Each structure stands twice: as C-alpha cells, then as structure tokens.
Amino acid sequence: MPFLSLSVTNFRNLQNETIDLLSREVYFVGENGQGKTNLLEALYYSAYGSSFRTHCEQEIIRSGQNAFSVRVMFKDEKNSVTSINSLFESGKKKILKNSKRITDRKELINSIPCVLFCHDDLDFAAGEPERKRFFIDQSLSMYDELYINESRAYKKILKNRNVVLKNHEYSLLETFDFQLAEKGLYIQDKRKKMIFKFNTIFSKLYEKISGIDGVYISYEPSWKEILEKTPEINQVIEYLKNKRQVDCAMETTMSGPHRDRIRFMKENKPFIPTASTGQKRLISILLRSAQAMYYTEITGKKPVLLMDDVLLELDPDKREKVTAELPQYNQLFCTFLPGEPYERYKHSGTKIYFISNGKWNEQ
C-alpha cells in the first residue's frame with residue numbers, strides 16, 4: 001500500500017490527528033459535508049502539491065487559522081518508507097520529500113500516482129474544450145516530465161505572443177512564430193499518439209459497461225491540415241504567417257494546441273449532444289478508469305484510486321458493472337453515504353472509517 005498514514009493540521013474541517021491508512025482498500029462513510037472529500041483532497045494534495053477543488057490554497061485553511069499542513073507516510077517503488085510534508089503559510093507553499101525541499105511540483109511525479117474520480121469529471125465529457133484538453137494533458141503529465149516542460153514552455157510563448165499582438169509589436173512575431181511552431185508540433189504529436197492508444201482502452205471499456213459500441217475520442221488539432229501530412233516547423237510558420245491578419249485583428253493567437261478540439265464520437269457523428277445525462281456521467285467515470293489503465297500500460301505501475309461519490313448517479317446495474325471493471329490499483333479510497341451498500345464492495349482487511357464533523361472512527 002502506498003499511503004500508510006495521513007496527518008493534517010488546520011486542513012479544512014479535519015481534526016488535527018493522524019489517520020492509519022494501512023490497507024489496500026479504505027472507505028470513508030458519512031453524511032455530506034462531514035469531511036469525506038476533505039480526506040481525499042489531503043491525499044491528492046500530498047501526491048501532486050495542489051488541490052483538485054480550488055486554486056486558492058487560502059481557502060483550505062481552517063477558519064481562524066493562518067496555515068495548514070499535510071504529512072503522509074508511504075511506501076515507494078523500492079518498498080522503502082518515505083514521507084512528504086506540505087506546508088502552506090503566509091501565502092507560501094513548502095513541500096519536503098524525506099526532508100528535502102521540492103522546488104517544482106513535477107518532482108512529485110510518480111511518487112504516489114493517483115487517479116481521482118469526482119463529480120467535476122463530467123466536464124471532461126460535456127464541458128468546455130479547455131477541460132477536455134486538460135484531461136488529455138493530465139494523462140500525459142502523470143508520467144512524462146518532458147511533456148510537462150514543453151507544455152509550460154508553450155504556454156509561456158503563447159502568453160508573450162499574445163502580448164505582442166495586443167501591443168501591435170508585429171516585428172517580433174517571427175521569433176515567437178518559430179518557437180510556437182516548435183513546441184506546438186511536439187504537443188500535438190504527443191496528444192495524437194496518446195489518444196490513439198487511449199481509444200483502444202476507452203472504447204472497449206465503454207462498450208462493455210454500456211452495451212453501446214463505436215464510441216471513441218476524436219482529436220481535431222488546430223493545425224489539422226499540417227498534421228495530416230509530414231509535419232514540419234516551416235509549414236506551421238507559413239500557416240501562422242497566412243493567419244497573421246486574423247490574429248492581429250483579434251489581438252490573440254487563434255490557432256495552436258490551445259485551440260485543439262476533443263470530441264466524443266459514434267459512427268463518425270458527435271455523441272454528446274444526443275447522449276443522456278447518465279451516458280455522459282458514465283463517460284466521465286470510464287475516462288478515469290481508462291486513465292488508470294493507460295497509466296499502468298505505459299509505466300507498468302498501478303496507481304492509487306481516489307473515488308469521491310461518483311457512482312451515486314448511475315443506475316444499480318451500471319454501478320455493479322463499473323465496480324466489477326475497476327482498473328488495477330495499488331490502493332483504493334472510496335467515499336460513501338451511510339445508506340449506500342458499501343459493505344457489498346468491501347474485502348477482507350478493508351478499513352472503514354465513519355466520518356462526522358471532521359473526525360473519524362474506525363468500524
């Protein structure tokens with residue numbers, strides 16, 4: 001089991017104590033608003049150095065306090081016990097891994113790979129294009145540090161190019177066009193190859209659970225006509241030059257990976273516009289399952305699954321099928337309401353904690 005224990009101080013409503021996580025499956029059971037999701041958030045924060053619920057870490061601090069901390073003990077790949085300490089105080093974040101300062105969150109990659117299932121995942125199926133791109137980028141960033149570097153570089157170049165367009169400093173565009181083309185082609189090539197492989201997992205899984213075949217993810221890169229050929233930087237530079245008049249008029253960059261489209265298709269037609277709410281929710285859940293399976297296929301490692309009340313909106317039949325087809329995991333954390341049949345899913349050795357007012361008691 002990766003996570004051995006979790007210790008929190010002033011983290012939302014959670015008590016300032018240590019919780020024992022020494023089990024392959026850990027269930028948190030309680031009414032809404034009692035702290036179940038806060039526990040998952042604390043685990044996620046330790047794994048990635050950020051929250052999945054807010055970009056403002058000040059919101060995490062318990063009311064009346066001025067700092068929070070999270071500390072986990074876990075077993076690494078070599079079966080050695082390792083610690084990660086995260087502290088946020090006075091607007092500054094400090095992360096230590098075995099007492100060594102982490103200066104960049106990407107240094108946490110592969111420490112405790114986690115796949116989070118939560119309600120907001122519905123955005124990956126039916127939300128804005130930016131959210132769908134985020135899912136693909138996140139899937140790549142879970143194991144590819146170079147992709148993180150190139151994506152960051154692209155965003156910085158894009159920001160500078162947009163400033164140039166806003167200020168009408170057109171003489172600088174040629175330099176930024178070369179940089180944008182170089183990084184953009186790398187990102188689009190990575191996304192294209194990833195989605196092709198991802199579809200072999202996702203499409204089969206969706207058919208198995210839903211009974212609907214032929215549903216797949218379509219990747220439509222902004223520079224599609226270039227990627228369909230043998231892509232070269234000079235081709236993209238020429239394309240940007242031809243589109244420059246539009247960019248200047250709009251005062252922003254109108255093409256590139258930040259404009260890529262990701263759609264869910266069936267029989268070469270968009271699936272989401274006619275899909276039911278249940279079908280969209282199922283897609284969002286199975287995207288996460290496929291993400292975990294894809295990660296294992298690429299790296300050979302099993303992730304930790306964090307599941308936050310995601311099965312509630314599925315009918316009983318789909319819930320049973322999704323549970324039966326969960327991806328391989330190193331450890332599993334689930335949240336349940338008291339009335340749910342969580343006893344049906346537990347195994348020998350499963351830890352069950354009842355959560356109330358930020359406090360936990362083991363069954």
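This is a predicted model: local features need pLDDT of at least 70, side-chain atom pairs count only at pLDDT 80 or more; totals for chains, interfaces and linings use all residues.
**Entry 1: where α4 meets α5**

On the α4 side I listed Leu-146, Tyr-147, Glu-150, Ser-151, Ala-153, Tyr-154, Ile-157, Leu-158, Asn-160, Arg-161, Val-164 and Leu-165. They meet residues of α5, among them Leu-173, Phe-176, Leu-180, Gly-184, Ile-187 and Arg-191. I then looked up the geometry. The axes of α4 and α5 come within 9 Å. They cross at roughly 145 degrees. The crossing of α4 past α5 is left-handed.

I noted a general rule here. An α-helix has 3.6 residues a turn, so residues three or four places apart point the same way.

**Entry 2: α4 by itself**

Does the length of α4 agree or disagree with what 1.5 Å a residue predicts? I checked residues 145-166. These 22 residues should span 32 Å, and the end C-alpha atoms are 32 Å apart, so the two agree.

Next I asked which residues of α4 are buried. I found Tyr-147, Ile-148, Glu-150, Ser-151, Tyr-154, Ile-157, Leu-158, Arg-161, Val-164 and Leu-165. Glu-150 and Arg-161 are on that list, along with Ile-157 and Leu-158. What do they pack against? I wrote down α3 (129-141), α5 (173-210), α7 (233-242) and α8 (244-250).

I looked at both ends of the helix. Just after α4, I found His-168 with a positive phi of about 60 degrees.

**Entry 3: Phe-176**

Phe-176 sits in helix α5. Is Phe-176 buried or exposed? I read a relative accessible area of 16%, so Phe-176 counts as buried, the cut-off being under 20%.

I then looked for its partners. Beyond residues up to four places away in sequence, Phe-176 touches Ile-157, Asn-160, Arg-161 and Val-164. I followed up Arg-161. Phe-176 and Arg-161 are 15 residues apart in sequence, yet their C-alpha atoms are 6.0 Å apart in space.

**Entry 4: the six-stranded sheet**

I moved on to the strands. Six of them form an open sheet in the order β8-β12-β13-β3-β14-β15, and the pairing is mixed. Which strands are at the edges? I found β8 (114-117) and β15 (359-362), each pairing on one side only. Neighbouring strands are turned by 20 degrees against each other on average, direction ignored.

I traced two pairings. β8 and β12 run parallel and are joined by four bridges. In that pair, Cys-114 has Val-304 of β12 as its bridge partner. β12 (residues 304-308) also pairs with β13 (residues 331-336), in the parallel sense, over five bridges. There, Leu-306 is bridged to Phe-333 in β13.

Helix α9 (residues 277-299) lies across β8 and β12, at about 175 degrees to β8.

**Entry 5: three loop residues**

I looked up Thr-54, in the loop between α1 and β4 (67-75). Thr-54 is buried, with a relative accessible area of 11%. Its side chain reaches the backbone nitrogen of Cys-56 at 2.9 Å. A polar contact of 2.7 Å also joins the side chains of Thr-54 and Glu-59. Leaving aside neighbours within four places in sequence, I counted Arg-12, Glu-41, Glu-59 and Ile-60 as contacts of Thr-54.

Asn-110 came next, in the loop between β7 (100-102) and β8. Asn-110 is not a glycine, but its phi is positive, about 75 degrees. At 25% relative accessibility, I put Asn-110 down as partly exposed.

I ended with Glu-267, in the loop between β10 (261-266) and β11 (269-270). Glu-267 is another residue other than glycine with a positive phi, near 55 degrees. Is Glu-267 buried or exposed? Its relative accessible area is 60%, so Glu-267 is exposed.

Definitions and conventions: Residues are numbered from 1 along each chain as its sequence is written. Side-chain values use heavy atoms; hydrogens and water are left out. Two strands pair if DSSP finds at least two bridges between them. Helices (H or I, at least four residues) and strands (E, at least two) are DSSP runs, numbered from the N terminus. Axes are lines fitted to C-alpha atoms, for helices over the stretch in contact, and angles run from 0 to 180 degrees between N-to-C directions. Contact means heavy atoms within 4.5 Å. The expected span of a helix is 1.5 Å times one less than its number of residues. Buried means under 20% relative accessible area, exposed over 50%, partly exposed in between (1.4 Å probe, protein chains only). A crossing is left-handed if the near helix is turned anticlockwise from the far one by less than a right angle, and right-handed if clockwise. A polar contact is a pair of N or O atoms within 3.5 Å; within protein, one must be able to donate a hydrogen and the other to accept it, and residues adjacent in sequence count only if both atoms are side-chain atoms.
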